[in-house]
Each structure stands twice: as structure tokens, then as C-alpha cells.
Amino acid sequence: MEAIKNIYIIDSTLRDGEQAPGVVFSEQEKIHIAQMLDGVGVDEIEAGTPAMGEDECRIIRKISAMNLSARISVWSRAVKQDILIAAKTGAQGIHIAFPLSDIQLASMNKEWAMMRDSLPEMVEIAKSYFDYVSVGAQDASRCRIERLFEFISMAEELSVRRIRFADTVGILTPMGIMDLIKKILNRYPYLDIDFHGHNDLGMATANAITAWQSGASTLSVTVNGLGERAGNSALEEVIMTMLLIEKQNKYSTSTLYSLCQYVSIAAKRPISVGKAISGNIVFSHESGIHAKSSLIDINAFQAFDGKLIGRESSRNLFGKHSGKGAVIDFLNKQHVIIDNAKIDRLMAIIHQMAQTYQRSIYGTEIIEAYWDLE
């Protein structure tokens with residue numbers, strides 16, 4: 001039986017996450033995010049883009065000097081000067097991105113031959129300064145596969161072990177990812193593929209998981225899926241899926257929720273209440289069957305206990321769809337005993353209040369309604 005390969009996660013919140021419009025992390029926020037990511041156990045932290053200027057380089061140098069367990073890497077264009085600037089940050093690794101699709105090459109006033117011919121020089125320069133060098137097939141999902149194969153072949157000849165396959169505008173589906181990854185590995189069986197997904201069509205996390213299931217060894221993600229346009233594959237979603245479905249338990253999940261909250265506040269990007277893993281109500285139940293069942297077994301209508309990520313196990317909310325069981329349990333916990341005649345009247349009041357106010361009903365309102373029955 002083939003051994004299950006371990007996942008390797010690169011978090012790019014400090015680079016791709018900060019590229020989201022309007023997002024600017026302070027120095028202290030970047031340092032704290034790096035520390036929290038290291039606490040989770042991510043394998044690599046993409047700490048920024050040195051070519052952005054001295055302030056960026058200074059912060060990267062501080063993060064690089066923190067002796068974190070994660071590898072610290074930086075992102076660079078395929079430009080000699082950018083790589084030389086990056087070399088002064090103290091980062092252990094560098095990722096060099098090469099646009100491959102016709103549409104992106106044309107928009108940058110470049111030609112494929114120019115990118116192809118520059119690859120050996122860029123890799124040689126990077127290897128003289130960095131312990132680890134990876135190269136990226138930018139917009140690989142819109143690149144002709146023959147060109148992608150040519151790029152990979154050249155990189156392998158230069159002893160580059162890891163290639164980033166970037167679905168830069170998020171147009172692939174899981175089936176499309178599976179087909180492409182298998183085609184690549186059929187031709188380059190020892191290649192370390194890093195999948196970098198965007199969420200333009202809402203499939204970034206699904207595509208990331210499928211990429212790993214199809215043979216990719218590395219996934220590039222961000223906290224809360226923060227990133228340009230609709231964002232990236234979400235770190236917390238990938239980690240919890242890998243834990244629950246693929247039994248990959250190498251990461252610490254107990255601080256995932258606090259990490260998501262911190263990044264949300266620092267980025268000034270509120271988390272949607274229904275956002276997977278970190279949304280405010282994703283461990284909440286209102287409808288009668290769900291709420292009553294959760295009192296017997298937390299996982300009856302949940303994929304996992306919220307305590308796994310450092311938040312409440314589950315909670316019952318009250319409203320239009322509430323049943324008697326959850327309300328009686330709530331009242332019992334308030335040391336209030338209610339008889340069968342009153343519970344029916346109370347339920348009618350709760351349902352009517354929810355209909356009138358068009359929201360959930362607070363516990364204090366239920367208590368007040370109960371005493372009004374007297």
C-alpha cells in the first residue's frame with residue numbers, strides 16, 4: 001500500500017493577502033501574523049515582495065531574523081534587480097514568477113521567448129543567494145500545455161525542484177485541475193507541484209484539495225482566503241479539510257479561529273457570518289431537528305466540534321424555525337421549568353417575534369416572554 005504523502009503548506013497572507021485592494025498591514029501586524037502562522041505550523045511563510053521598497057525589505061528582515069520554524073520566502077518578478085533586492089532580506093527562499101499565457105505576456109509587453117531565455121539567468125542568480133528557489137508558471141491555467149511543458153522541462157534541467165502552478169484568475173474546476181496535474185506528473189513524475197489557486201469562480205479551496213489529491217505536494221494559501229479580487233484558497237479551509245478528510249494532522253488547529261479573526265481585523269475585511277470554518281454562525285443551529293439533535297451529539301449536524309479550532313463547540317439560536325426541545329433546554333439552564341401548556345404558547349410568541357423582527361430572538365427576550373405568560 002502506497003504511503004500517504006504529507007501536505008506542505010505555503011501561506012501567502014503577507015504577500016498575496018496584502019495585495020487585496022485596500023489592505024495594508026502594519027509592521028507589528030505582519031510580525032504577529034507570522035508568529036501566529038508559525039504557531040499553526042505552516043511549512044513556509046511568503047513574507048512579501050522586496051521590490052516594493054525598503055520598508056517592505058526591513059519588515060521581511062525582521063521576520064527572517066525571528067528564528068521561526070517555518071521557512072521564510074519572498075516573491076519576485078523574473079527581473080534581475082528584483083532578485084538582487086530580495087537577496088538582502090535574509091529570507092531562506094525565493095519564488096520567481098514567470099507569466100506564461102499569451103494574454104498576460106501581451107499585457108506586460110513581453111514575449112514568451114524573452115521569458116524562456118531569461119529563466120536560466122534568473123535561476124542562477126537566485127541560487128547564488130538563496131537556499132531554496134522555486135519558479136512559478138503564472139496564469140498556467142490559460143497557458144498552452146506545450147508551453148507549460150517547455151517551461152517545466154527547462155526548470156528541471158536547472159535543478160529547480162518546485163514549480164508553482166498558478167490558476168491566476170481562478171478559472172479552473174476540480175475536474176480540470178485533476179486532469180492537468182495528472183498530465184504534468186505523468187510526464188514529470190518527480191516534480192514538486194505547488195498549486196496556487198484564486199477564487200474568482202468560488203472554487204479555490206476545492207481546487208487546492210483536488211490538486212493535492214491529484215499529486216501536487218504543496219498548496220499556496222492565505223488566511224480567510226484574503227487576496228486579490230475574490231481571494232485565494234483559504235488556509236483554515238484547507239487545513240481542516242486535510243485533517244478531517246485526508247487525516248493530515250501535522251498542523252495545530254487550536255488557534256485557527258483567533259488567527260482568522262486577527263487577520264480580519266488587521267485587514268479591515270469582516271468575515272462573512274456564514275464563511276466556512278471562521279464565520280460567526282457556522283456552529284449555530286436554529287431549526288428544531290438540528291438544534292435538538294445537537295444537544296444529544298454536537299456532531300449530529302456539524303462536520304466537527306468547534307473546539308478543534310478554538311471556538312464554541314456549537315450553540316443554539318432561537319427564531320422562526322426553533323423547536324420545543326432547544327427552548328426547553330435553554331430554560332432549564334436558566335433554572336426555569338415550563339409545563340406543556342405554556343411551552344406551546346411560548347413557542348408561538350417566539351415564532352411571531354422572529355417573523356416581526358426578522359432576526360434571531362435573544363435569550364433575554366425568551367425569558368421576558370416566559371414571565372409575560374404568568
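Predicted model: local features only at pLDDT ≥ 70, side-chain atom pairs only at ≥ 80, totals over all residues.

Visitor: What makes β1 and β8 a pair, then?

Guide: Strand β1, residues 8–11, and strand β8, residues 218–221, share four bridges in the parallel sense. The cut-off is at least two, so they pair. In one of those bridges, I10 has S220 of β8 as its partner.

Visitor: And how do you know that β1 also pairs with β2?

Guide: Two bridges join β1 to β2, residues 44–46, and the cut-off is at least two, so that pair counts as well. These strands run parallel too, and I10 stands opposite E44 in β2.

Visitor: Why is it said that the buried residues of α8 line one face?

Guide: The buried ones are I177, L180, I181, I184 and L185. Looking down the axis of α8, they fall within an arc of 125 degrees, so they line one face of the helix. The face turned away from them carries the exposed M175, N186 and R187. Among the elements covering the buried residues are α7, β6, β7 and α9.

Visitor: Why are C57 and C143 called buried?

Guide: Buried means under 20% relative accessible area. C57 comes in at 3%, so it counts as buried. C143 is at 12%, so it counts as buried too.

Visitor: How many disulfides are there?

Guide: Zero, taking a disulfide as a pair of cysteine sulfur atoms within 2.5 Å.

Definitions and conventions:
Residues numbered from 1 in each chain as written. Heavy atoms only, no water. Buried < 20%, exposed > 50% of the residue type's maximum accessible area, 1.4 Å probe, protein only. Arc of directions from axis to C-beta. Contact = heavy atoms within 4.5 Å.
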